[in-house]
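This report covers a protein chain and its ligand. The sequence and the structure are shown first.

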Amino acid sequence: MKNFDNSKRAFKEAQGYMPGGVNSPVRAFKNVGGDPLFIKQGKGSHIEDIDGNTFIDYVLSWGPLILGHADDEVVSALQAATAKGTSYGAPTELETELAKKIREIVPSVEMMRMVSSGTEATMSAIRLARGYTHRDKIVKFIGNYHGHSDSLLVDAGSGLATFNINTSPGVPKDLAYDTLTVPYNDVDGIKAVFEKNGPEIAAVIVEPIAGNMGVIPGTQEFLDTLRQLTTDAGALLIFDEVMSGFRAAYHAAQSLYHIKPDLTTLGKVVGGGLPVGVFGGRRDIMEHITPDGNVYHAGTLSGNPLAMTGGLSTLNQLNDNLYHNMTAKTTRLVEGIKAAGDAHNVPITVHHVGTMWSYFFNADPVDNFADVQASDVDYFAKFFKQLLQQGIYTAPSQFETNFMSSKHTNKDIDDTIQAFNDAFDALNNG
Ligand SMILES: *Cc1c(COP(=O)(O)O)cnc(C)c1O
C-alpha cells in the first residue's frame with residue numbers, strides 16, 4: 001500500500017485556510033472519498049506527490065498540459081520571459097503573435113480577446129452575444145460546464161427543456177430565469193425551445209464535445225440543428241471549446257463537424273499551463289467590444305507576457321502529426337481499458353475523441369447527463385483508489401475527462417492497461 005501521510009497532513013492544514021482545503025472543488029476528491037494528493041513536482045507524463053509516490057498522470061492539470069509537465073521548451077521560454085518582467089499593462093507583440101497563431105489553427109476566430117480563465121472567456125462571450133443581439137435569454141445544455149459565472153451556473157438536473165430556477169445559491173433568480181436548459185444531444189428539445197422563445201434568444205452555448213460529464217461527443221445532427229436554429233432566429237452560436245479546442249482535434253472540435261460557430265471560447269491548452277482564456281469569432285461581432293464598440297470588457301493581467309509565452313511556446317510545438325500520434329495512443333489506451341473491463345465482466349463504456357478520454361461503469365450507451373448519472377459511481381470511487389495504488393492518476397470523478405500528452409510513451413500506456421487489469425482483479429477478489 002502506498003503511504004499518503006504527508007498529503008493527509010498537508011490537507012488537514014489547508015482546510016483551516018481554504019474552504020475544503022482547495023481552490024477548486026473537484027480537487028478535494030469528494031466524489032471518490034479519501035484525501036487528495038499534494039503534488040511536489042511533475043515531469044513529462046509523471047507527477048510526484050509530497051510522500052514521494054510517483055504516478056502516470058492523465059489529469060494534466062485538467063487538460064492544459066498537452067506537452068506534459070515542465071516541457072523543456074516551455075520552461076526555458078517562460079524563464080526568459082520572466083527575466084524581462086511579468087506584466088506591463090501595455091500592449092506587447094506577443095499578444096498579436098499568439099492571436100495570429102490561434103487564428104491560423106482555428107480560422108473561425110477572426111478576432112479575439114485574451115483573458116485569464118475559461119470562466120472569463122465564456123462570461124464575456126455571453127455578454128457580447130447579449131449586447132450584440134439586444135436580447136437576454138441564453139440556452140445551455142444540461143451537464144455542459146462553462147465556468148462559474150452567474151448566467152452559466154444553471155443546472156436543471158432534469159431532462160426537460162424548461163425554464164430553470166434551480167441554481168447555485170447566490171445566483172439571482174432573474175438571471176437564472178434567462179438561462180434555458182435542454183438535455184445534451186436532444187434535437188427535439190432544442191427545437192421546442194426555439195419554437196417557444198426563438199426571438200428572445202441571444203445565444204446558444206454548447207460544448208461540441210462535452211467534457212465535463214465525462215467525454216460525450218455531440219452528434220452531427222444535434223450540432224447541425226443548433227447551427228440552423230440560431231441562424232434562423234438571429235441568435236449566436238457559441239462553441240465553448242475551452243476544453244475541446246486543441247484537445248478533441250488540433251483545429252478544435254469545430255473542424256471535426258465542419259461547423260463554423262459565431263463565437264468560440266478557448267482556454268486550458270491555449271495557455272500551456274498558464275492562466276489564459278480567449279473569446280473570439282466573427283469580426284463584425286467582435287468589433288462590438290470596447291473600445292471599438294460599447295460592450296465592456298477589460299482585464300489588468302489580460303494578455304500578460306508570461307501567459308502569452310506559455311501559450312505560444314506550447315502552440316508552436318503542436319502540429320497535425322503530433323495529434324495523429326496522440327490520438328493513436330489514446331485509442332490504444334481506451335481499447336485496452338475496454339478489454340480489461342470485458343475480461344473481468346465489469347460493464348464499462350469507453351469514450352474518446354482526440355486526446356480526451358473517459359470511461360463509465362455503465363453497460364448502456366452514454367449520450368447525456370442522465371445517462372452519466374446512471375453509471376455506477378460507487379464502483380468508480382473504489383476503482384479510482386485502486387488505480388492510485390497502481391500508480392495511475394486519473395480524474396477523481398465519474399463526471400470528468402482524462403487526457404493524453406505528447407510525452408506519454410507506449411510503455412506508459414502498457415503500464416496503464418496492466419494497472420486497469422490489476423485494479424479490476426483487486427476489486428473482483430476483494
Ligand atoms: C474548464 C472549462 C471552463 C472554465 O475554465 P476555467 O479556466 O476553469 O475558468 C469553461 N468551459 C469548459 C468547456 C471547460 O472545460
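## Domains

The model is predicted. Its protein chain is divided into two parts: domain 1 takes in residues 5-70 + 318-428, and domain 2 takes in residues 72-315. Taken over C-alpha atoms, the centres of domain 1 and domain 2 are separated by 25 Å. Domain 1 puts 32 residues into the contact, and domain 2 puts in 32 residues.

## Interface between the domains

The size of an interface is often given as the accessible area lost when the parts come together. For domain 1 and domain 2 the buried area is about 2500 Å², with 63% of it coming from carbon and sulfur atoms. On the domain 1 side, Leu 318, Met 356 and Phe 369 supply 25% of the area buried against domain 2, more than any other three residues.

Polar contacts also join the two domains: 15 residue pairs are counted between domain 1 and domain 2, with both residues at pLDDT 80 or more. The side of domain 1 that touches domain 2 draws at least two residues from each of α11 (320-343), β14 (349-353), β15 (356-360) and α12 (369-373). Of these, β15 gives the most, with four residues. By residue type, this side of domain 1 divides into 19 nonpolar, nine polar and four charged residues.

## Ligand site

Which residues are around the ligand? They are Ser 117, Gly 118, Thr 119, Tyr 145, His 146, Gly 147, Glu 207, Asn 212, Asp 240, Val 242, Met 243 and Lys 268.

Several of the distances involve polar atoms. Thr 119 has a polar side-chain atom 2.6 Å from an oxygen atom of the ligand. In Asp 240, a side-chain N or O atom is 2.7 Å from a nitrogen atom of the ligand. Tyr 145 takes part through its backbone, where an N or O atom lies 3.2 Å from a ligand nitrogen atom.

## Salt bridges

Side chains of opposite charge can pair when their charged atoms come close. The structure holds 13 salt bridges, and one salt bridge is found across the interface of domain 1 and domain 2. Lys 43 and Asp 72 form a salt bridge through their side chains, at 2.7 Å from N to O.

Another salt bridge pairs Lys 260 with Glu 110, whose closest N and O atoms are 3.5 Å apart. This pair links distant parts of the chain, 150 residues apart. Lys 260 is in the loop between α8 (253-257) and β12 (263-266), while Glu 110 is in the loop between α3 (93-105) and β4 (111-115).

Definitions and conventions:
Residues are numbered from 1 along each chain as its sequence is written. This is a predicted model: local features need pLDDT of at least 70, side-chain atom pairs count only at pLDDT 80 or more; totals for chains, interfaces and linings use all residues. Side-chain values use heavy atoms; hydrogens and water are left out. Domain bounds come from an automatic or database domain assignment. Contact means heavy atoms within 4.5 Å. Buried area is the accessible area (1.4 Å probe) that two parts lose on being put together, summed over both. A salt bridge is a side-chain nitrogen of Lys or Arg within 4 Å of a carboxyl oxygen of Asp or Glu. A polar contact is a pair of N or O atoms within 3.5 Å; within protein, one must be able to donate a hydrogen and the other to accept it, and residues adjacent in sequence count only if both atoms are side-chain atoms. Ala, Val, Leu, Ile, Met, Phe, Trp, Tyr, Cys and Pro count as nonpolar, Asp, Glu, Lys and Arg as charged, and the others, Gly among them, as polar. A residue is near a molecule or strand if one of its heavy atoms lies within 4 Å of it.
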